Amino acid sequence: MLGAFARGEIRVLVTKPSICGFGMNWQHCHDTAFVGLNDSFEQLYQAIRRFWRFGQGHAVDAHLVAARVEGAVLANLKRKEADAQRMQDAMVAAMAGFTDVVAAPVVREKADYTRRSTALPSFMEAA
């Protein structure tokens with residue numbers, strides 16, 4: 001079923017992030033829905049990233065469907081998303097200028113290479 005979906009032979013696939021959220025490439029698909037949420041922001045993020053990959057030609061629409069009783073779960077996912085964004089922004093700020101200060105002086109060194117013939121050990125020679 002997963003292969004058929006990847007090849008476009010199946011238009012709709014119903015599964016869950018723990019099965020298809022990691023390591024799959026679904027950039028042929030750009031409209032997805034998540035029902036029955038849990039508190040794992042990583043699973044949700046990774047599952048959405050399966051659609052939003054190199055070669056995706058459309059905006060990715062990810063619909064989160066939550067019942068009223070899942071309000072706390074949804075709020076927790078939103079908090080974790082905001083935390084992840086703050087961490088990403090802080091990492092970008094911390095790395096700003098790094099290439100100018102540290103990496104700019106790096107020069108590629110190229111060693112001269114002289115090809116030499118090497119004799120095979122006796123156990124590898126043809127009999």
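Residues are numbered from 1 along each chain as its sequence is written, and side-chain values use heavy atoms, with hydrogens and water left out. Because the model is predicted, local features need pLDDT of at least 70 and side-chain atom pairs count only at pLDDT 80 or more, while totals for chains, interfaces and linings use all residues.

Helices and strands are DSSP runs numbered from the N terminus (helices: H or I, at least four residues; strands: E, at least two). Strand β1 spans residues 31-35. Its covered face holds T32 and F34. Its uncovered face holds D31, A33 and V35. In a regular strand, side chains alternate between the two faces of the sheet. β1 pairs with strand β2 (residues 61-65) in the parallel sense, over 5 bridges. Pairing requires at least two DSSP bridges between two strands. T32 stands opposite A62 in β2, and V35 stands opposite V65.

Within α3, F41, L44, A47, R50 and F51 are buried. Burial is set by relative accessible area: buried is under 20%, exposed over 50%, and partly exposed in between (1.4 Å probe, protein chains only). The buried residues of α3 pack against α2, β1, β2 and α4. Contact here means heavy atoms within 4.5 Å. E42, also in α3, counts as exposed at 53% relative accessibility. Its C-alpha lies 9.3 Å from that of E81, although E42 and E81 are 39 residues apart in sequence.

Two buried polar side chains were examined. Q56 sits in the loop between α3 and β2. Q56 counts as buried because its relative accessibility is 16%. A polar atom of its side chain lies 2.8 Å from the backbone oxygen of C29. The Q56 side chain also reaches the backbone oxygen of F51, at 2.9 Å. Not counting residues up to four places away in sequence, Q56 touches W26, Q27, C29, H30 and F51. N76 belongs to helix α4 (residues 71-95). N76 is buried, with a relative accessible area of 19%. A polar contact of 2.8 Å joins the side chains of N76 and R79. Polar contacts are pairs of N or O atoms within 3.5 Å; within protein, one atom must be able to donate a hydrogen and the other to accept it, and residues adjacent in sequence count only if both atoms are side-chain atoms.

The largest pocket has a volume of about 740 Å³. Of its 31 lining residues, L13, T15, T32, A33 and F51 are the closest to the centre. A pocket is an open set of points on a 1 Å grid over the protein atoms alone, where a 1.4 Å probe fits, with protein on both sides within 12 Å along at least five of seven lines; lining residues have an atom within 4 Å of a point. Grid points are joined across faces, edges and corners, and the volume is the space filled by probe spheres set on the points. α2 (17-20), β1 and α3 each supply at least two lining residues. β1 gives the most, with 5 residues.
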